Amino acid sequence: MTLTTGLGAGLAAHGVGGSTDLPIPFIYAMVGASWALTISFAVLALAWKEPRFQGSWGAGEPDRRRPWLAVVGMLLTAWVLVALYAGPADPSNGGLQAFYIFVWVGLVPLALVAGHVWRDLSPWRTLTGRGIWTYPERLGYWPAVAGLFAFVWLELASPDPGDVVSVRVWVGVYVAAMLLGGVAFGPRWFDRADPFDVYSAIVARMSPIARGGRLSRNPLRGLTTVPVAPGLVALLAVLLGSTAYDSFSASPFWQGRSLSSLEHTLTLLAFCIVVAVLFVGAAMATGGVTPEQRRAMPGLLAHSLVPIVVGYIFAHYLTYLVEKGQTAFFALLDPLGRGWTPLGDPGVSYVLSEHTSTLAALKVTFVVAGHVLAVIAAHDRALVLLPKAHRLSGQLAMLLLMVAYTFTGLYLLFSV
Amino acid sequence: MKTAAALLAAALLLSACGGSSDDGASADPTAASAPTSVEPTSSEPSSAEPSETSGTVVGIVIAGGKVVPQGKRVEAKVGADITLTIRSDVDEEIHVHSDPEHTYEVAAGETVTETFTVDTPGQVAVEAHELGVTIVQLVVRP
């Protein structure tokens, strides 16, 4: 064993070893927070009074999957699975790195830039048919929520996220669940139960590209077409809460304690629940609606959380994707750990980490941009949902909550 | 009126934010001073100050299943020497999560001194692998 072999231990960041970002300077966090606050209240007080971005909620029949992308998806999946299961059983395993970096983090920019191509790529969709039974719609997104929580648990709270065997077991269970569910319920299973497919589908609503690249649209209009189903708020809460927990768990306060995996798991769960409960409470905090309308409110406003999630994911994982992604790419070129270097000696460029001020500015920009889009989306939907007399007061709780989410995000970037 | 209310809310929230950042700053010294039952050997334990000449020195003691320090932030400079002095009463494996990573074996009863540099700005966790504990986070600045 050489000294440079990274042994991913329980505390290695996100299951892949290596260094993490410096805290952003205090002044950057303050400037970001001031912008977020100012723009929020400007939107509430000065912006338009009639809804402007409401797309058609039905959104029509989905496209046919593009066969060439299905082929690409099969090949890439096979490559990653061979690397994961036949490659070395240490953290240099290319399949492990690809899973944590390209599948989990790479999914977000892919969906944002190219739309929901995950649906075309998904090998599980390719391998399963039309289904035997109808998917029980009352389950909504809850199977995907369970899958996403299982993933963030593996990444952040399990005893050893960098352990190849743990990842092999996780991926094995995931593949089995996808194939069985796909055979049983057909494509609907992936629209509602595949954690990665659902995540990509929701982020893709913010993409300017729709319908296989044949249509460009305003991301804010696209956002309003996120399909509302049971579990949508929980899904977004898992994404946002887990990323916040990830930052928090790197703080000296938390690292100074020796805690069991169960305590980590419960804390992770608590973060997600707090995010969800606050959102549900803020969405319902308006006058002039019937009890049924009030209960529907969180789901109908949930799409406005998507930009906050995306902005924070970008801020949190940017260097991870760009820099650790290079290592993962080279590891994938050597799937069996035989020392293959088809593109020559792998050298990683740390261009982001080396420009600390630019990186800090980028991170703050992502968080604030996500926040502004979220506030605009929530405002626009509130104009549809709220009775005239409560249009301002009914939005206030949600606005304050979004400001609180953003301040927390900036505070975590500054302090950890 | 609306503008005044917005400004008031803005002031309140900004002051709230400032308050929480003070908490963050004050949490650090308490974390550092809490576990002082075991004193590290020779080199100054945690008062590691980055300087061009001497670099950063971190004294680490592993005794009775506990590590001192635990979870502390230690400032360091890119390219400057970082020295870990590790004394342990059990076999332990120290991981330095830089790129590339370093792994140091410490045998029971031994004191080991290891020096390395970090060439990319970032935070580098130094971890006791068997215990699963982060000893320090090196805050490596340019």
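The structure is a predicted model. Chain B holds one helix and nine strands, and along its sequence these elements follow the pattern α-β-β-β-β-β-β-β-β-β. In chain A, two helix contacts are described, that of α1(A) with α18(A) and that of α13(A) with α14(A).

**Chain B overall**

- Of the 142 residues in chain B, 37% are buried.

**The four-stranded open sheet of chain B**

- Four strands of chain B form an open sheet in the order β2-β1-β4-β7, and the pairing within this sheet is mixed.
- The edges of the sheet are taken by β2 (66-68) and β7 (111-116) of chain B, each of which has a single partner strand, so one side of each is left without a neighbour in the sheet.
- From one strand to the next, the twist averages 15°.
- Within this sheet, strand β1 (residues 56-63) of chain B pairs with β2(B) in the antiparallel sense over three bridges, and B:Val61 stands opposite B:Val68 in β2(B).

**Strand β9 of chain B and its partners**

- Strand β9 (residues 133-141) of chain B has seven of its nine residues buried, so it is largely enclosed by the rest of the structure.
- One partner of β9(B) is strand β3 (residues 72-77) of chain B, with which it pairs in the parallel sense over six bridges; in this pairing the bridge partner of B:Lys77 is B:Arg141 in β9(B).
- Another partner is strand β8 (residues 122-128) of chain B, which runs antiparallel to β9(B) and is joined to it by seven bridges; here B:Gln123 has B:Val139 in β9(B) as its bridge partner.
- β8(B) and β9(B) form a hairpin with four residues between them, and in its turn B:Gly132 has a positive phi of about 65°.

**Helix packing in chain A: α1 with α18**

- Helix α1 (residues 26-46) and helix α18 (residues 393-415) of chain A have axes that come within 9 Å and cross at roughly 170°, which makes α1(A) roughly antiparallel to α18(A).
- The residues that α1(A) brings to this contact include A:Phe26, A:Ala29, A:Gly32 and A:Leu44, and those they meet in α18(A) include A:Gln395, A:Met402, A:Phe407 and A:Phe414.
- By class, the residues of the contact of α1(A) with α18(A) divide into 14 nonpolar, four polar and no charged.

**Helix packing in chain A: α13 with α14**

- Helix α13 (residues 261-284) and helix α14 (residues 291-301) of chain A pack at an angle of about 120°, with their axes 8 Å apart, and α13(A) passes α14(A) in a right-handed crossing.
- In this contact, A:Phe279, A:Val280, A:Ala283 and A:Met284 of α13(A) meet A:Arg294, A:Met297, A:Pro298 and A:Leu301 of α14(A).
- The contact of α13(A) with α14(A) has seven nonpolar, no polar and one charged residues.

Terms used. Residues are numbered from 1 along each chain as its sequence is written. Chains are lettered from A and ligands numbered from 1 in the order in which they are written. This is a predicted model: local features need pLDDT of at least 70, side-chain atom pairs count only at pLDDT 80 or more; totals for chains, interfaces and linings use all residues. A residue is buried if 20 or more other C-beta atoms lie within 10 Å of its own, exposed if 12 or fewer, and partly exposed in between; C-beta atoms are placed from the backbone. Two strands pair if DSSP finds at least two bridges between them. Axes are lines fitted to C-alpha atoms, for helices over the stretch in contact, and angles run from 0 to 180 degrees between N-to-C directions. Angles under 35 degrees count as roughly parallel, over 145 as roughly antiparallel, 65 to 115 as roughly perpendicular and the rest as oblique. Two residues are in contact if their C-beta atoms, placed from the backbone, lie within 7 Å. Ala, Val, Leu, Ile, Met, Phe, Trp, Tyr, Cys and Pro count as nonpolar, Asp, Glu, Lys and Arg as charged, and the others, Gly among them, as polar. A crossing is left-handed if the near helix is turned anticlockwise from the far one by less than a right angle, and right-handed if clockwise.
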